[in-house]
2 protein chains.
Amino acid sequence: MAEEIARNAHLASTVLKTLSNDERSHALHMIRDGLLQAKDKILSANKIDMQTAIDNNLSSSLIKRLDLSINGKFDSMLDGIIDVANLDDPLNKITLATQLDDGLNLYRLTCPVGVLLIIFESRPEVIANITALAIKSGNAAILKGGKESLNTFKEISDVINDILLNKTKVPNNSIQLISTRDEVSDLLSQDKYIDLVIPRGSNELVKNIKENTKIPVLGHADGICSIYLDKDLDIEKAIKIVIDAKTNYPAGCNAVETILIDENLDNEVKSTILTSLLNEKIKLHIEPSFLSTLDSQIKEKYQELIVEATEDDFSKEFLSLELAVKQVHDVNGAIIHINSHSSKHTDAIITENKDTADRFLKGIDSSGVYWNCSTRFADGFRYGFGTEVGISTNKIHSRGPVGLEGLVCYYYQMRGSGQVVGDYLGGGGTRVFKHLSLDPKNITL
Amino acid sequence: MAEEIARNAHLASTVLKTLSNDERSHALHMIRDGLLQAKDKILSANKIDMQTAIDNNLSSSLIKRLDLSINGKFDSMLDGIIDVANLDDPLNKITLATQLDDGLNLYRLTCPVGVLLIIFESRPEVIANITALAIKSGNAAILKGGKESLNTFKEISDVINDILLNKTKVPNNSIQLISTRDEVSDLLSQDKYIDLVIPRGSNELVKNIKENTKIPVLGHADGICSIYLDKDLDIEKAIKIVIDAKTNYPAGCNAVETILIDENLDNEVKSTILTSLLNEKIKLHIEPSFLSTLDSQIKEKYQELIVEATEDDFSKEFLSLELAVKQVHDVNGAIIHINSHSSKHTDAIITENKDTADRFLKGIDSSGVYWNCSTRFADGFRYGFGTEVGISTNKIHSRGPVGLEGLVCYYYQMRGSGQVVGDYLGGGGTRVFKHLSLDPKNITL
């Protein structure tokens with residue numbers, strides 16, 4: 001069963017990738033129209049999911065996330081599909097062109113990765129989002145959404161597949177929805193057909209998937225982001241940024257979890273910054289040696305919000321109004337701490353000193369390194385990618401927010417006129433390669 | 001022990017990546033000079049390895065590969081280091097620049113992957129090659145070479161580390177040589193510190209490594225390359241290319257293993273091509289239904305070279321003068337066969353029909369897809385990359401021959417002036433992103 005799903009996806013992907021940008025974008029417009037027509041049906045299915053959630057006493061915030069009928073969510077979902085359709089074609093871009101010899105040219109072209117297995121949370125609009133990204137980038141996708149939105153997903157998926165079959169050139173099985181966890185675990189062994197797994201969900205889910213598959217996994221388990229407060233900082237920026245990075249959405253993977261303070265920062269400035277955080281009801285886990293130097297009046301006034309940090313606190317994603325706080329010798333100390341504790345997501349420095357900032361921007365080993373702005377900017381929409389399938393903390397392929405470009409790779413085309421290696425130096429012959437770099441802009445294949 | 005090696009490599013990598021191109025390239029020049037000075041010492045060590053190989057009755061071809069003193073191999077090794085030093089800097093290239101808002105800019109810059117674990121065969125000159133690629137690309141590397149060249153590797157590695165320590169800014173532990181298989185297997189669990197494993201060696205070695213690590217593996221186990229002979233082919237090109245692709249170096253991963261013949265190709269042309277292959281002493285494993293249609297005179301004359309193919313023959317890397325041969329309906333049949341049997345290495349079409357060629361070039365799912373030239377061109381030197389660390393059949397990150405560009409990834413820098421997400425639409429505020437695309441060419445950070 002899992003093998004059949006995966007093989008079918010693979011077969012679909014080999015046709016999907018040959019469609020033109022117009023054909024792929026047209027399919028997205030058709031899907032948008034189809035979903036609009038099926039709005040009532042989809043919202044009825046969504047009501048069933050909501051009722052089940054209420055019956056099961058799920059939290060009100062989760063129920064709100066399930067609800068597709070509020071805040072213009074349905075219409076934004078449709079707009080999002082058109083936004084993706086209108087993005088530049090990510091495929092068949094020539095990124096390298098070399099004349100090897102007369103009548104022998106090498107081209108590097110972008111192409112889809114192939115088959116994606118995407119596991120995502122319960123927000124029902126995400127399925128439309130991901131379908132749009134997959135088709136636009138020429139990838140077949142196998143989707144598994146959170147069980148709380150099962151009926152909504154099923155209805156949306158039926159509409160999408162009906163539209164693809166009847167109104168587009170996108171092959172059958174390009175988008176397949178699966179509904180059980182068992183199917184996911186069987187699919188994780190289909191490394192012959194599935195090229196990339198993208199899990200969006202809890203730390204536990206992502207770790208579990210990474211443990212159980214040989215297919216490359218793109219995503220992040222933890223989002224342990226740090227902000228380093230340099231001695232040359234602007235205090236207003238520092239306070240504003242740290243508060244935003246912690247409080248704007250504490251459960252976000254791009255929320256800050258650790259504050260590193262330059263020990264040469266003015267003591268009064270340190271106190272002012274910490275007090276500002278405490279006034280926002282942020283609980284501070286402060287490293288003992290730094291805690292002991294802290295003004296006792298502050299410690300007393302905010303005693304419920306100040307605790308001694310353990311070593312573990314500096315490798316923790318609090319996902320709540322809590323921060324680990326530590327002093328470091330200087331920017332180099334911050335770099336060493338972050339490179340050994342961060343999850344390679346996003347880390348920031350606050351300083352007015354360009355040299356110090358450059359040192360930090362170059363030295364940190366994360367997918368996002370920021371100067372004087374909030375870590376919360378790590379997001380595909382904010383980066384201008386239209387949307388994202390997730391945020392990657394991998395060291396290869398795609399890093400940071402992953403949009404269309406993260407779903408493509410490349411291949412080499414060689415166009416010859418009968419050339420063989422045996423005629424060239426190194427292969428037994430005497431001909432010498434020209435290796436003439438060509439400008440991709442001037443090439444039409 | 002393994003953890004210490006890996007952690008030290010990681011720490012070195014975070015410094016190495018901050019060095020300028022001049023500093024990295026200078027280090028390569030120093031290494032070249034150092035190896036030249038130590039030539040006698042290295043060749044003495046090489047003589048010990050050769051004698052051991054002779055004492056152990058290793059094959060003469062292997063002994064020849066071990067010998068660093070013949071055919072100007074030592075000097076080519078030194079030249080190779082300088083070639084890499086002179087390549088363009090692969091790091092800190094700005095590949096995307098976007099103004100998000102006034103004073104808030106996003107940049108995507110190339111950066112090293114981090115720490116590489118490279119396992120390679122016995123050719124002693126490869127260690128210099130790989131060291132050069134690693135340092136130039138800013139990656140720390142842990143190297144394990146074939147045990148037959150142990151003394152030579154040790155001597156070269158000592159020279160390299162001595163030079164790096166005393167004459168360059170490249171940090172200690174950037175290049176570490178390990179000597180036992182046990183160490184390799186322990187290192188494969190150091191996914192916290194090692195970012196990429198590159199095995200160069202037997203199918204068995206590569207498969208074994210893939211089975212036993214969670215670190216991404218870049219390389220190829222099999223090289224099952226196919227050539228499709230279309231009905232509109234030029235017979236001279238076809239014969240020349242297939243013979244080159246099979247006989248130029250049958251043990252190469254880019255040698256052809258399967259020939260697919262368009263059933264609409266003229267029967268006499270089919271016979272001429274097959275006879276040409278048989279005259280080169282190539283053994284043909286021919287699919288039964290095609291075999292039955294073959295001229296009985298040919299079957300008789302070459303009976304020792306013609307056998308009935310099994311299904312397995314079409315998923316086999318013969319690595320010798322043997323080919324699997326099969327008829328397909330047309331180019332689409334060839335695409336379906338290749339996409340389900342090839343190892344995604346390199347596949348070629350021989351045809352004079354551009355439309356058919358385009359269909360093939362777009363439809364095949366491999367890292368190299370060729371038109372009218374030999375699959376043997378799949379090689380970093382021939383592609384103009386200077387050299388290669390290996391050939392990747394992965395679907396993500398790097399595909400085909402992997403040179404400097406395959407050893408880098410990217411990260412995002414954001415440079416702000418105090419901006420927070422809470423001020424923007426979607427984060428709770430009202431500001432709207434500009435998302436103004438900037439030309440990377442005009443940017444100096």
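Which residue lies over the face of B:Tyr410? It is B:Arg108, at 5.3 Å from the ring centre; a charge counts as sitting over a ring if NZ of Lys or CZ of Arg is within 6 Å of the ring centre and within 35 degrees of the ring normal. In chain A, the charged end of A:Arg108 sits over the ring of A:Tyr410, 5.3 Å from its centre.

Before we go on, a word on the model. It is predicted, so local features need pLDDT of at least 70 and side-chain atom pairs count only at pLDDT 80 or more, while totals for chains, interfaces and linings use all residues. Residues are numbered from 1 along each chain as its sequence is written, chains are lettered from A, and side-chain values use heavy atoms, without hydrogens and water.

Now look at the two chains together.

Next come the aromatic rings, with 20 pairs over all chains. Rings of Phe, Tyr and Trp (its six-membered ring) pair if their centres lie within 6.5 Å; planes under 30 degrees apart are stacked, over 60 edge-to-face and the rest tilted. A:Tyr412 and B:Phe385 have ring centres 6.0 Å apart and planes at 50°, so this pair is tilted.
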